[in-house]
Amino acid sequence: QVQLVESGGGLVQAGGSLTLSCATSGRTFSGYGMGWFRQAPGKEREFVASFRWIGGSTYYADSVKGRFTISGNSAKNTVYLQKNSLNPEDTAVYYCGSANRDYSSDYWRLQGTYAYWGQGTPVTVSS
């Protein structure tokens, strides 16, 4: 059974940095791509960034472009989200998802693309 485990969340001051990790277990290959989404209190889950193993393409939400970087390590079956210049609006529970097949670029921002999800890791940015 495929399982995703997020880690690296916590409390950070505005302007600070944090790196989240998402490790995949239960299969011998990395999958086709992984994405990070977040859900702030009282809001719907929204797309943050995604990483496509084939070709290494990356996609970002406009709100995090230039501040967040997504990357992957296939040997470790792990995807990372480096977050810089954090602000209170980045406060949310961050979830990672894994796709079980490849998609064209339009799909990597959609929650329905991802077949497996982690439990989430909370991030709080204080002002």
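Q: Why is Cys 96 called buried?
A: In this predicted model, Cys 96 has a relative accessible area of 1%. Buried means under 20%, so Cys 96 is classed as buried.

Q: What makes Cys 22 and Cys 96 a disulfide?
A: The S to S distance between Cys 22 and Cys 96 is 1.9 Å. A disulfide requires cysteine sulfur atoms within 2.5 Å, and the pair therefore qualifies. A search of the whole structure finds 1 disulfide. The pair links distant parts of the chain, with Cys 22 in strand 3 and Cys 96 in strand 9, 74 residues apart.

Q: Why is the disulfide of Cys 22 and Cys 96 called right-handed?
A: The torsion about its S-S bond is about 55 degrees, so the disulfide is right-handed.

Q: Is Cys 22 buried or exposed?
A: Cys 22 has a relative accessible area of 0%. With the limit for buried set at under 20%, Cys 22 is therefore buried.

Q: What makes the protein chain as compact as a globular protein of its length?
A: The secondary structure of the chain comes to 0 helices and 11 strands. Its radius of gyration is 14 Å, close to the 14 Å that the globule rule gives for 127 residues, so the chain is as compact as a globular protein of that length. Along the principal axes, the C-alpha atoms fill a box of roughly 40 × 25 × 25 Å. Of the 127 residues, 44% are buried.

Q: Which residues have the most contacts inside the largest nonpolar core?
A: They are Trp 36, Val 48, Phe 68, Ile 70, Leu 81 and Tyr 94, in a core of 33 residues. The elements that give two or more residues to this core include strand 4 (33-39), strand 7 (68-73) and strand 8 (78-83). Such a core is called nonpolar because its members are buried residues of a set list, from Ala to Cys, joined through side-chain atoms within 4.5 Å. In soluble globular proteins, nonpolar side chains tend to be buried together.

Q: What does Ile 70 contact beyond its neighbours within four places in sequence?
A: Its contacts are Met 34, Trp 36, Ala 49, Ser 50, Phe 51, Thr 58, Tyr 60, Val 79, Tyr 80 and Leu 81. Ile 70 also stands opposite Leu 81 in strand 8.

Q: How many bridges join strand 7 to strand 8?
A: There are 6 bridges, and the two strands run antiparallel. Pairing requires at least two bridges, so strand 7 and strand 8 count as paired.

Q: What makes strand 1 and strand 7 edge strands?
A: The open sheet of 4 strands has the order 1-3-8-7, with antiparallel pairing. Strand 1 (3-7) and strand 7 each pair on one side only. The twist averages 15 degrees from one strand to the next.

Q: Why is Ser 50 counted as buried?
A: Ser 50, in strand 5, has a relative accessibility of 0%. Beyond its neighbours within four places in sequence, Ser 50 contacts residues including Met 34, Ile 70, Trp 108 and Tyr 114.

Q: Why is Val 2 called buried?
A: Val 2 lies in the segment before strand 1, and its relative accessible area is 16%. That value falls under 20%, and Val 2 is therefore buried. Not counting residues up to four places away in sequence, Val 2 touches Thr 24, Ser 25, Gly 26, Arg 27 and Tyr 116. The C-alpha atoms of Val 2 and Ser 25 are separated by 5.7 Å, although the two residues are 23 apart along the chain.

Q: What is the phi of Asn 77?
A: Phi of Asn 77 is near 50 degrees, a positive value in a residue other than glycine. Most residues other than glycine have a negative phi. Asn 77 is found in the loop between strand 7 and strand 8. With a relative accessible area of 11%, against a limit of under 20%, Asn 77 is therefore buried.

Q: Why is Ser 85 called partly exposed?
A: Ser 85, in the loop between strand 8 and strand 9, has a relative accessible area of 43%. Buried means under 20% and exposed over 50%, with partly exposed in between, so Ser 85 is partly exposed. Phi of Ser 85 is also positive, near 50 degrees.

Notes. Residues numbered from 1 in each chain as written. Predicted model: local features only at pLDDT ≥ 70, side-chain atom pairs only at ≥ 80, totals over all residues. Heavy atoms only, no water. Buried < 20%, exposed > 50% of the residue type's maximum accessible area, 1.4 Å probe, protein only. Contact = heavy atoms within 4.5 Å. Axes fitted to C-alpha atoms, helices over the stretch in contact; angles between N-to-C directions. Rg over C-alpha atoms; globule rule 2.2 N^0.38 Å.
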